[in-house]
Amino acid sequence: MPLFSGVLYVWGIMILSVEELDQEIKKRRTFAIISHPDAGKTTLTEKLLLYGGAIHLAGSIKSRKTQRHAVSDWMEIEKQRGISVTSSVLQFDYAGYRINILDTPGHQDFSEDTYRTLMAVDSAVMIIDVAKGVEAQTKKLFKVCKQRGIPIFTFVNKLDRYGKAPLDLMDELENVLGIRSYPMNWPIGIDGKYKGVYDRQKKMIELFDDDTTHGQKARTSVTGTLEDPKFAALLGEDIHQSLVEDIELLDTAGEPFDLDKVAAGELTPMFFGSAMTNFGVQNFLEEYLHLAPPPAPRNSSDGIIQPDDEHFSAFVFKIQANMNPAHRDRLAFIRICSGKFERGMSVYHHKTDKMIKLSQPQQFLAQDRQIIDEAYPGDIIGLFDPGIFGIGDTLCDASHKFDFADFPVFPPEKFARVQAKDTMKRKQFVKGIEQLTQEGAIQLFQQPGAGMESYIVGTVGTLQFEVLEYRLKNEYGVDLLMQLQPFEVARWLAFEDGSEVVPASLKGIDRGMFVHDRHENPVLLVNNEWALGWIVDNNPGLELYHVPMDKKEA
Ligand code: G4P
C-alpha cells in the first residue's frame, strides 16, 4: 500500500494525520502568570477560568492572606473548588483554543521551581499593580523570561483604584525592565473612576455597565466607535476629549505594533483592566489568545525540535512528591514538545538509556485530575514516577534519540546547615532530604567528612527553608535543627589545567565554606562577590562557575 503523504505510519498503523497534529498545536497556548505578591495573580487566574467557562461563579475568596501557605498561589482557588491542592497546571478551552496555565509559585515560595516552570511555557503574562508599578519579584521573573526570549504580555491590574498614569507606567516598563510596550487598550476615565477601555485594534470604545455582582459574573458592556456622539454624552466632554487626545498621541508617537518584536520578547502588548471587577478581562483573554504564540520549537542535542515533528518528545520540568499524603505518590510533570502523546506508549528515557511505558498519565483540568489518553505539544502531563525521573530529563521516541539541551540550573543564594533533631530519625531525614533535592526544591551540599549527619542546603529564597522544615515534619516525621549560614554566593570550582581542587591548598578558603555538591563537585560558599574576587586573585588558574562545570556558565 502506498503511504500517502498526509498521514504518519508507524509499524503500518495509522497514528495521526499531519493536519491533525498541526491543528492541535496551533490551538494551544501554554503560559504562566508572573507577578509580585498581591498584584492579582490569583484573582486574574480565577477570572480567566470564569470567562473560559471552567467555573461559573468566581468565589469571593476571603481571608486569603491568613490562610496562605508556601505551597501554591492556587491553593485558595483549589480549596474552594475541590481541586487537588498542588495541581500545577490548569487546562481549559476557550474560543477554539486549548489553554494551559502553569502555576508559578511566585509568592513566599519563590524558588527554583518558579524559574523552572518558566522553561515549560511559550509565553508569560506579567501582572503589574497600577498603583505600585514594577516591583521586585516582577523584575526577577521578567529577567528569566527575557533571558529565555519568552514573549511577555502585560496586564496592568486594579484599574478600579487610584494608580499611576498609563503613560508613566509605559515609561517605567522601559526604564526599569528595558522593554517597550504597546498598549492594546487604553483606560477611559481618571484614577479609580475608570469607565471602560478603548480597544486600539478594533478601534472601539467599550464602556462597562455597573457591576452588581461584585465581580462574580462576567461583565456586560456598551460598545461603539470613538466618534460615536453617544460616548461624548455618556463620558462627559472632558473625559471624551482627553481620550481622543491620548489615542492620537499613542498612534502618532508610540511604538508601532510589531508581532515579531513581541515574539522575540522585545515589545510587550499592554492591557489595562481590573481582575477583581472583571473590567477588561475578557478583552485581554481574547486578544492574548489571538496574539500569543503556539508551542515553540526547542533546542536539543540534535538541533531544533519542531513541535510538528511526528516523533514524541517531552522534558521533565517539575517533580512533586506526596501530592496525595494518603498515597505517597510522586509525580513528574512533563511538557510535551513534539509529536503526540498516547496513554500506554513506550518512550525512551535519555538519562537512563531505558524504555519506559507511560501508563497512568494525568492531566490537570480545572476541576480535577484526570487520566488522559492523548495529549499534544504544549500540554503538561503528570506521570507517576517510581523514582527514575529528574528535573530536565528528556523523554523521546526510540527512533529519534536526543537530549533537550538547555535546562538551566540556578545558583542558590541562601544556605543553612540542617540535621535531624533526633538522631534516631537519621534514616528518614536522609530520605526526605534526598527526595526534596530530587524534586529540585533544594540543592544539597556537604562539607568533606561530615557524613550523613548534617547537610548544607542551598535555596533560591529563604522561604524554601520553611517549606523544607514543614515537609520533613509532615511527610517524614522528622524535626529539623537548622542553622542559617551567612553565605550568599555559591561557585563551582575548577582549575584551568584540570588539576584537582584541594581545599587545604587554596588560599583564602577560610573566607567561606568549602563543600561538595551531591555529585562530589567542589563548591565554595562565600558571603559576597568581593570575597570571590579576592580568592580568584590569589589562586592563579582557579576558575569559578555559577553552575556545575558540565553546564559551564562562568
Ligand atoms: P496575588 O495572587 O498576586 O498575590 O494576588 P491576589 O489575586 O491574591 O490579590 C491580592 C489582593 O488584591 C486581594 O485582596 C485581591 O482581592 C486584590 N485585587 C486583585 N485584583 C484586584 C483589582 O482588580 N482591583 C482591586 N481593587 N483589588 C484587586 P485581599 O485584600 O488580599 O483579599 P480579599 O480580601 O479581597 O479577598
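A residue counts as exposed when its relative accessible area is over 50%. In this predicted model, alanine 95 has 61% relative accessibility, so alanine 95 is exposed. The residue sits in the loop that joins strand E4 (89-94) to strand E5 (97-102).

**Lysine 203 in a loop between strands.** Lysine 203 is found between strand E10 (196-199) and strand E11 (204-208), in the loop. Here too phi is positive, about 55 degrees, although the residue is not a glycine.

**Helix H7 and its buried face.** Helix H7 covers residues 166-177. With 12 residues at 1.5 Å a residue, H7 should span 16 Å; its end C-alpha atoms are 16 Å apart, which agrees. Buried residues in H7 are Pro166, Leu169, Met170, Glu172, Leu173 and Leu177. Seen down the axis of H7, these buried residues fall within an arc of 160 degrees, so they line one face of the helix. An α-helix has 3.6 residues a turn, so residues three or four places apart point the same way. Just after H7 comes glycine 178, with a positive phi of about 75 degrees.

**The second largest cavity.** Searching the whole structure gives two cavities of 30 Å³ or more. The second largest cavity holds about 40 Å³ of space. Its lining consists of Gln419, Ala420, Thr423, Arg426 and Glu453. By class, the lining residues of this cavity are one nonpolar, two polar and two charged.

Phenylalanine 271 belongs to strand E13 (residues 267-272) and phenylalanine 284 to helix H11 (residues 281-291), so the pair ties together parts that are 13 residues apart in sequence. Phenylalanine 271 is buried, at a relative accessible area of 0%. Phenylalanine 284 is buried as well, at 1%.

**A tilted pair between two strands.** Phenylalanine 445 and tryptophan 492 form a tilted aromatic pair, 6.0 Å centre to centre and 55 degrees between the planes. The pair links distant parts of the chain: phenylalanine 445 is in strand E27 (residues 443-446) and tryptophan 492 in strand E30 (residues 489-495), 47 residues apart. Phenylalanine 445 is buried, with a relative accessible area of 2%. For tryptophan 492, also buried, the value is 1%.

**A cluster of aromatic rings.** Ring pairs connect Phe31, Phe153, Phe155, Phe271, Phe284 and Tyr288 into a cluster.

Notes: Residues numbered from 1 in each chain as written. Predicted model: local features only at pLDDT ≥ 70, side-chain atom pairs only at ≥ 80, totals over all residues. Heavy atoms only, no water. Helix = DSSP H or I, 4+ residues; strand = E, 2+ residues; numbered from the N terminus. Buried < 20%, exposed > 50% of the residue type's maximum accessible area, 1.4 Å probe, protein only. Expected span 1.5 Å × (residues − 1). Arc of directions from axis to C-beta. 1 Å grid on protein atoms, 1.4 Å probe; cavity = no way out; pocket = protein on both sides within 12 Å on 5 of 7 lines; lining within 4 Å. Points joined across faces, edges and corners; volume = space filled by probe spheres on them. Nonpolar A, V, L, I, M, F, W, Y, C, P; charged D, E, K, R; others polar. Phe/Tyr/Trp six-rings, centres within 6.5 Å; stacked < 30°, edge-to-face > 60°.
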